[in-house]
Amino acid sequence: MQVRRCAVVWLEPREVASFQLDDLLAGGTGVVARLCWFAHAPHLGAAVEVDADWVPLLGALGAQDWLQRDVLDARHGGAAVDALLAAGLLQAKPESAADIDAAATDAVYRAQGWYPAAAVAHMATRWQGIDGPSSMAEQDLDSNEGLLRQHGAPPPREPEAVGTDTALHMPVPVRDGFDTLLDRRATCRNFDTEAVLPLATFSQLMARVFGARGSGHPAPDFTVFKRTSPSGGALHPTECFLIVQRVQGIAPGLYRYRIDGHALEPVTAQIAPPQPGDVGTQVLGTAAARAWTQDELYAFAKIAVAGQDFFANAPVLCILAPRFHRNFWKYRNHAKAYRVCVLDVGHLSQTLQLCATQAGLGPFVTGAINEVDIERAFGMASDMQSPLAVCGFGARAATLVKSEFDPNRLVWPRTHI
């Protein structure tokens, strides 16, 4: 058998604390820390703890050349080789169907063109089954008072001026209607849970934010679209997947927006129907997929935004998920390619904020999302496509329950809907 290391692996020494009753009875604090090694390999999706004795073996292998296993067994021990093969950190050269299956995920990752550091960061920061508001409340960080108690005053907004005498004061800008629109934009945390979004309004917003405003064909089999937001290389890798809860004439469910025809493509969920109170998704198992009830759809919306029920109440939630391999096709193994995908999502979310505000609706955007749960539901492969943010919009409620930052009082008390 021939083996080699997986395409990318980063090793992290980490202190892991645990409660030890013996230490407490001996007069200690009961909290004992031990140094552990964790291997981060993007194709695995999660860090793997490895024995310290296995670290030299990982360092002795490259990601390209195959070596005979018996040589490695003699140098590092067969147990270490077996363990790292089982963990997916070593790959066996395919000689059978089992070997092909074992190496498949690593092979798919190698084909994408990820910059290694970006791939590790992306995979290591994805959430699964996180209830954000609950965990924040437990840490007493859900209020500014709690943050101030724990961390003191925040860093200043900007460094102190070197000298006011050298500052160049610019003319007072002339305000127009666009300034009014910008000032009215405020993150909505109070949605009217009974209001149904008109279909014409929904269609217009989707067309303005995600639709094609034009197209070009710079080369055979290469079509680029123009959107109202910029995109690196005009590639527009970000797709919009939707959780539609209350839109006139559209059945509640999961959808994918089609830029090529301004249409919605229904998505059959690849998970078991979420239930109220769930904080994560479950595999579908052997049960046949079925349409979800309104309560199940809301339960998934709440999971998607990591327990932020005030966002889950929106009639429409837009999941912004770049197709990384489209961007990496041009910017292969490029140090800035992933950053451009992040910028792509940021541009689209801001355009959505302004378009929803102009339509008299309340918008939101959040990065506190359970990426893994969303990927499962929509059938995404995380190294090829993954959500980076969730946006939403809808009519504001008549009563302010959750605080919203509206210092100029342009939204509350409401003067428009």
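**View 1. Leu 264 sits in strand β11.** The strand covers residues 263–266. This is a predicted model. The relative accessible area of Leu 264 is 25%. Buried would require under 20% and exposed over 50%, so Leu 264 counts as partly exposed.

**View 2. Leu 264 and its contacts.** Which residues does Leu 264 touch, not counting residues up to four places away in sequence? They are Phe 202, Leu 242, Ile 250, Tyr 255, Arg 256 and Tyr 257. Leu 264 and Val 174 are 90 residues apart along the chain. Their C-alpha atoms are separated by 41 Å.

**View 3. Helix α11 packs with helix α15.** Helix α11 runs over residues 294–304, and helix α15 over residues 371–378. Their axes lie 8 Å apart. The packing angle is about 140 degrees.

**View 4. Helix α9 crosses helix α14.** Helix α9 spans residues 177–184. Helix α14 spans residues 337–358. The two axes come within 9 Å and cross at roughly 105 degrees. Angles of 65 to 115 degrees count as roughly perpendicular, so α9 is roughly perpendicular to α14. On the α9 side, Phe 178, Leu 181, Leu 182 and Arg 184 take part in the meeting.

**View 5. The whole protein chain, for orientation.** The chain has 417 residues, and 39% of them count as buried. Its secondary structure comes to 15 helices and 14 strands. The C-alpha trace spans about 75 × 65 × 60 Å along its principal axes. Among contacts with a separation of 6 or more, 69% join residues 24 or more positions apart.

**View 6. Surface and charge of the protein chain.** The accessible surface comes to about 22,200 Å². Carbon and sulfur atoms account for 56% of that surface. How many positive and negative side chains does the protein chain have? There are 35 positive and 43 negative side chains. The centres of the two sets lie 8 Å apart.

Note on methods: Residues are numbered from 1 along each chain as its sequence is written. This is a predicted model: local features need pLDDT of at least 70, side-chain atom pairs count only at pLDDT 80 or more; totals for chains, interfaces and linings use all residues. Side-chain values use heavy atoms; hydrogens and water are left out. Helices (H or I, at least four residues) and strands (E, at least two) are DSSP runs, numbered from the N terminus. Buried means under 20% relative accessible area, exposed over 50%, partly exposed in between (1.4 Å probe, protein chains only). Contact means heavy atoms within 4.5 Å. Accessible areas come from the Shrake-Rupley method with a 1.4 Å probe; for residues, only the protein chains shown count as cover. Lys and Arg count as positive and Asp and Glu as negative; His and the chain ends are not counted. The place of a charge is taken as NZ of Lys, CZ of Arg, CG of Asp or CD of Glu. Axes are lines fitted to C-alpha atoms, for helices over the stretch in contact, and angles run from 0 to 180 degrees between N-to-C directions. Angles under 35 degrees count as roughly parallel, over 145 as roughly antiparallel, 65 to 115 as roughly perpendicular and the rest as oblique.
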